[in-house]
Amino acid sequence: MKSKRIWFVLSFVLLLTLLMSACQPAATPTQAPQPTQPPAEPQPTQPPAEPQPTQPPAEPEEFIFGMLLVGPYNDRGWSQAHYDAGLYVEEKVPGAKLIYIDKVNPADRPGTTPEQLAEDLLSKGAKLIIFNSDDMKDGAINFARAHPDVPVIHASGDTSWKEGVNYIEFPKFGNTMGRMEYGKMIAGCAAALTTKTGQIGYLGPLINDETRRLTASAYLGAKYCYEKYAGKNPADLKFKVTWIGFWFNIPGFTADPTQVADDFLNSGYDVVISGIDTTEALVQASKARAAGKEVWAIPYDYEGACAEAPEVCLGVPYFNWGPAYLRAVEQVKAGTFQSYFEWLGPDWTDINNHDTSAVGFVFGDALSADAKANVEKFIAELAGGLNLFVGPLNYQDGTPFLAEGEVATDLQVWYLPQLLEGMEGQSVPSE
Amino acid sequence: MMKTSSRWSGIGFQTLAVLLALAFTTVVMLISGADPIQVYQNIISGALGSPTKIADILVAWTPLLLATAGLLLTFTAGLWNIGIEGQITLGAIFTTWALRLLQPTDLPPTLIMTIGFVAGALGGMIWAALVGLLKIYGNVNEIFGGLGLNFVATALTIWLIFGPWKRPGVGSMSGTEPFPLELWLPTLSGFRLSPLALAMGIIAIAIVYILLRGTYFGLRLKAVGRNGRAAFLMGIPTTRYMLMAFLLCGLMAGLAGATQVLAVYHRLIPSISSGYGFLGMMVAMLVNYQALWAAPVALFFAALNIGSIQLPIVLKLDSSLSGVLQGSLVLFVLLMDGVRRRLTRNQ
């Protein structure tokens, strides 16, 4: 009898909860959505309303564009750089509106495919779909097959590169990528001018053409500066890459980047360059610094990445996708969007110009003044036409890549089949 | 056997459970600062808003049905086949294996895909048989055996993707090289839905319904599940029945894995099972192991999964909210069942 009463009371209380929660939303319908908005929601859709104060400002026509982000929109890395570019477009194009789905990868969204998620964006009115990751290559192609009339951009892909090895003809399929090779060379230079042990670790994501050429670029930059500005023998420089298997940590599926970074820092590698989408290298370097180790790190992808641990950050090579997406959105609006492949270099007059430069490099607080001066010289050399993909260069296994004085073509750089001689770590040769 | 009054109270408690689950999910939404009405609206429009979405629900329904159908057999035999995730994965691995072997041959694609399905079924059965044998002869509880084999299956997938089956020049967990278009299971034009796969799911649940409802086998399986010792004393070979339940479940799980490869992803990816095994367990528990209700509830769960994709786009909410609803439904239904039992016993 007694327990019956207890259950009765319990059920009653639960019922009450139900009623209360059922009533609440109706009472405050306007308030609830507010905190869910991302903090940086842009408002400048209306230009400063001066010209004709008598007329109400004309509503700009709404233009929705969609983005699929491989990681969280606020990952302080690859995905956030894309997200911010979306906000940049919203700011520049009146009426433009970004919608996105983040964490688009099989581990975070089991049972879905990128093309399916892209259709969700389409059904919400998107007129342009941006696939932001190498990992979505098949998804982007499948989507374009099913919707040839919908403008698509696959960032970092090569599907629309006529000379490339994966060319597929689509009417409205854009590929855009920054020449991050320069950013990585600068990063490598900063690392080489800072390391005291002469050992640089590279926290690598997965292995493919893109990551091989970027890792190789960091090595070339490091080697060059180690010799030219530090006056040391480049043969003494140790450069090792450890790959985790994906663009970021997926517990159970990838190697743990925290662990990999720690392994570097605990075994004499005093600078860790990150090649992954997230900031583990920086975070672990910061912890090691707090424990008394003299170590540094160089994050990747996102302009603001150093902010997480400025005391160990030498700087960050980053992507500035905004101008490329702005152009695409304007073309779609004008009805002139057609397939293209672009591989955009920095604006050498100011690599950090948000309106013109596709890649940039921000110096970090931890870079010494001496080193900084030399890195600046190095940047000036690059701006002046210095090319590090020039022979003699050998592949990692000792076979020749470029003969004396031979300059690598874009195709040779893009599809770099192996790491280079002098680099330690897995290559997974493609040939 | 059941008196009308207790049946009514049963329905009453079930309804209460559903309401409580909704209330709980609503509270979760309110805590995360979302407007529940908007959330429910978006889930519904996201699931039923267009023919493509409805087709996508059926795409998700197919492996879920297969998994649930298999699980109904093991549950009936009193077995917690938590290893189903691994069985789906092994099915996918075997299918991929068969396709990779036969792809360069001149065999017609239809035959290759058929062999792919058979291989998938075989893979699932092997993995399930391991759980069964470990239980029967090794005295390893099927929950632990299954859990362990799930991990092994994942590790095997990762090893294959990074090792022997890696894409040329690539070392990434994103998956193996996609199969050519002719090895994709044909779909309804304009949709991702493969009618063949769907039919397979429906046939599977129908077979399980008939097996459990109208056959001697089903009756004996129930006896084994209710009271294994009594069944044994009555002359039912309990171990053989348990093993049969595992094998049949593994077969269906393997087919689910094969569908994931042939009709959805067209390659092997690390999380190829997509959690349909665990979701199937929730469905089976929710319907109190009744095959009749499994199909609609699985459909509802699939619809929740597809509908919730809209949440991050419009409301910046995580899609896993649908999982909260699914989980809390199961919890509250089980809880209310317990409450009802307690009350009726006390009376």
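Buried area is the accessible area, taken with a 1.4 Å probe, that two parts lose on being put together, summed over both. The size of an interface is often given in this way. In this predicted model, the area buried between chain A and chain B is about 4,300 Å². Carbon and sulfur atoms give 63% of that area.

**The interface between chain A and chain B**

| Item | Value |
|---|---|
| Residues from chain A in the contact | 51 residues |
| Residues from chain B in the contact | 57 residues |
| Salt bridges between chain A and chain B | four salt bridges |
| Polar contacts between chain A and chain B, both residues at pLDDT 80 or more | twelve residue pairs |

One salt bridge joins Asp138(A) to Arg267(B), and the closest N and O atoms of this pair are 3.8 Å apart. On the side of chain A that touches chain B, at least two residues each come from α1 (2-27), β2 (96-101), α3 (114-123) and α4 (137-146) of chain A. The greatest share of that side is supplied by α1(A), with nine residues.

**Chain A as a whole**

Chain A contains eleven helices and 15 strands. Of its 431 residues, 55% are buried. When contacts in chain A between residues at least 6 apart in sequence are considered, 67% of them join residues at least 24 apart.

**Helix α3 of chain B**

Helix α3 of chain B covers residues 51-76, and its 26 residues should span 38 Å at 1.5 Å a residue. After α3(B) comes Gly78(B), whose phi is positive, near 75°.

Because 22 of its 26 residues are buried, α3(B) is largely enclosed by the rest of the structure. Thr68(B) lies in this helix. With a relative accessibility of 0%, Thr68(B) counts as buried, the cut-off for that class being under 20%. Apart from its neighbours within four places in sequence, Thr68(B) is in contact with Gly280(B), Val283(B), Ala284(B) and Ala294(B).

Notes. Residues are numbered from 1 along each chain as its sequence is written. Chains are lettered from A and ligands numbered from 1 in the order in which they are written. This is a predicted model: local features need pLDDT of at least 70, side-chain atom pairs count only at pLDDT 80 or more; totals for chains, interfaces and linings use all residues. Side-chain values use heavy atoms; hydrogens and water are left out. Helices (H or I, at least four residues) and strands (E, at least two) are DSSP runs, numbered from the N terminus. The expected span of a helix is 1.5 Å times one less than its number of residues. Buried means under 20% relative accessible area, exposed over 50%, partly exposed in between (1.4 Å probe, protein chains only). Contact means heavy atoms within 4.5 Å. A salt bridge is a side-chain nitrogen of Lys or Arg within 4 Å of a carboxyl oxygen of Asp or Glu. A polar contact is a pair of N or O atoms within 3.5 Å; within protein, one must be able to donate a hydrogen and the other to accept it, and residues adjacent in sequence count only if both atoms are side-chain atoms.
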